[in-house]
Amino acid sequence: MRQLKNFKIVILVIVVLLILVIVRNSDQNLFKKDAKIVIEAVQNNSNLITINQIQKLKNPYLVIDLGSESISDSIQFQHSVKIPVENILDKANRKILDKANGTLLLFSNDIATSSKVYVILNQLGYKNVLIITSEENPEKLKYKFQPDTTARLEQDSI
């Protein structure tokens, strides 16, 4: 009888773990792409598009205005929708992104904001996402990362 009780506890633990695994795998916000693909696109600047290149696009596109203020009068796009950055993952906005036909073009006054949303959307499985930039030749990363060796954290505790 005691062995049967222990067996029930083991089965209960296994069932709980199985349920947790199923819930985790069914989450819509899990990353679907390898981050290396995004890093390569950023390094090659293949994730950027200029305003002049947009005017020459023949494929359909949707401009996502990520700013809290509206697109300036000097920059107007035919197909655009305003989605503030903090609301990009809301269900209603995800439906807009899912229904978008063609390329998603991200616009913000701060390219860092567009870059963050670019990474999120790529990792969520959205294809053909580009960042609108005003620069023809954006700065390329030319410096190799080197950690600061002057800080000796192990000596700070002395």
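Select Asp-65 and Lys-82: they form a salt bridge, with their closest N and O atoms 3.8 Å apart. Keep in mind that this is a predicted model. The salt-bridge count comes to one. Now show the strands. Asp-65 lies in strand β2 (residues 61-65) and Lys-82 in strand β3 (residues 80-82), so the pair ties together parts that are 17 residues apart in sequence.

Asp-65 has 4% relative accessibility, so it counts as buried. Lys-82 has 37% and counts as partly exposed.

Next, select Leu-4, Phe-7, Ile-11, Val-15, Ile-19 and Val-23. Together they form a nonpolar patch on the surface, with about 530 Å² of accessible area. Zoom in on Ile-11, found in helix α1 (residues 2-25). Ile-11 counts as partly exposed, at 37% relative accessibility.

Now go inside. Nonpolar side chains tend to be buried together in soluble globular proteins. Select Ile-64, Leu-97 and Leu-106. Of the 18 residues in the largest nonpolar core, these touch the most other members. Color α2 (35-44), β2, β4 (103-107), α5 (111-123) and β5 (129-133): each supplies at least two residues of this core. α5 gives the most, with three residues.

Center on Ile-64. Which residues does Ile-64 touch, not counting those up to four places away in sequence? They are Val-81, Ile-83, Ile-88, Leu-97, Leu-104, Leu-105, Leu-106 and Phe-107.

Last stop: another core, of seven residues, lies apart from the largest one. Select Ile-54, Tyr-61, Val-63 and Leu-105, which are among its members.

Conventions
Residues numbered from 1 in each chain as written. Predicted model: local features only at pLDDT ≥ 70, side-chain atom pairs only at ≥ 80, totals over all residues. Heavy atoms only, no water. Salt bridge = Lys/Arg side-chain N within 4 Å of Asp/Glu carboxyl O. Helix = DSSP H or I, 4+ residues; strand = E, 2+ residues; numbered from the N terminus. Buried < 20%, exposed > 50% of the residue type's maximum accessible area, 1.4 Å probe, protein only. Patch = residues over 30% accessible without salt bridge, like charges linked within 9 Å, V, L, I, M, F, W, Y side chains within 5 Å. Areas by Shrake-Rupley, 256 points an atom, 1.4 Å probe, with all protein chains shown as cover. Core = buried A, V, L, I, M, F, W, Y, C linked by side-chain atoms within 4.5 Å. Contact = heavy atoms within 4.5 Å.
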